[in-house]
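I'm opening my notebook on a structure that is new to me. I want to look up the overall picture first and then a few residues.

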Amino acid sequence: IAEVLAAQQGKQATLRLRGGEELSGKVVEVGKQTVQLTELSGKEYFDATVRLDGIDAVIVRRVSP
């Protein structure tokens, strides 16, 4: 999960959390245990810090060749 998120730094990603909810925003920092998102969808004035072990999936927009 950390490697996928690190590759998305500066880009939009959606995280599917263990509880089933989804959180979308721009990945700004990936640490050893957490990832920080800014510009959250529907909550543009908020940031989030999410534990990596609480993420079930990372959903990203695919770039066409």
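I start with a term: a residue is buried when its relative accessible area is under 20%, exposed when it is over 50%, and partly exposed in between, with a 1.4 Å probe and protein chains only. By that rule, buried residues make up 29% of the 65 residues here.

A note on what I'm looking at: this is a predicted model, so I keep in mind that local features need pLDDT of at least 70 and side-chain atom pairs count only at pLDDT 80 or more, while totals for chains, interfaces and linings use all residues. Residues are numbered from 1 along each chain as its sequence is written, and side-chain values use heavy atoms, with hydrogens and water left out.

**Overall picture**

I looked up the elements and found one helix and five strands. They are DSSP runs numbered from the N terminus, helices being H or I of at least four residues and strands E of at least two. Read from the N terminus, the order is α-β-β-β-β-β.

Next I checked the overall dimensions. The C-alpha trace spans about 35 × 25 × 20 Å along its principal axes. The radius of gyration is 11 Å, which agrees with the value near 11 Å for a compact globule of 65 residues. That radius is taken over C-alpha atoms, and the globule rule is 2.2 Å times the number of residues to the power 0.38.

I also looked at contacts, meaning heavy atoms within 4.5 Å. Of those between residues at least 6 apart in sequence, 37% join residues at least 24 apart.

How do strand 1 and strand 2 run where five bridges join them? They run antiparallel, with strand 1 covering residues 12–17. I note that two strands pair if DSSP finds at least two bridges between them. Leu15 has Leu23 in strand 2 as its bridge partner. The hairpin of these two strands has four residues between them, and Gly20 there takes a positive phi near 100 degrees.

I then followed strand 2 onward. A hairpin of three residues leads from strand 2 to strand 3, and the two strands pair antiparallel over four bridges. Here I found Glu29 with Gln36 in strand 3 as its bridge partner.

**Val28**

I picked Val28 in strand 2, which covers residues 22–30. Val28 counts as partly exposed because its relative accessibility is 33%. Setting aside neighbours within four places in sequence, I see Val28 in contact with Gln9, Gln36 and Thr38. Gln9 is 19 residues from Val28 in sequence, yet their C-alpha atoms are 5.5 Å apart.

Is Thr38 buried or exposed? Thr38 counts as buried, because its relative accessibility is 14%. Thr38 sits in strand 3, residues 34–38. Leaving out residues up to four places away in sequence, I list its contacts as Gly25, Lys26, Val28, Phe46 and Asp47.

I went on to Glu39, in the loop between strand 3 and strand 4 (48–51). Glu39 is not a glycine, but its phi is positive, at about 50 degrees. With a relative accessible area of 43%, Glu39 is partly exposed.
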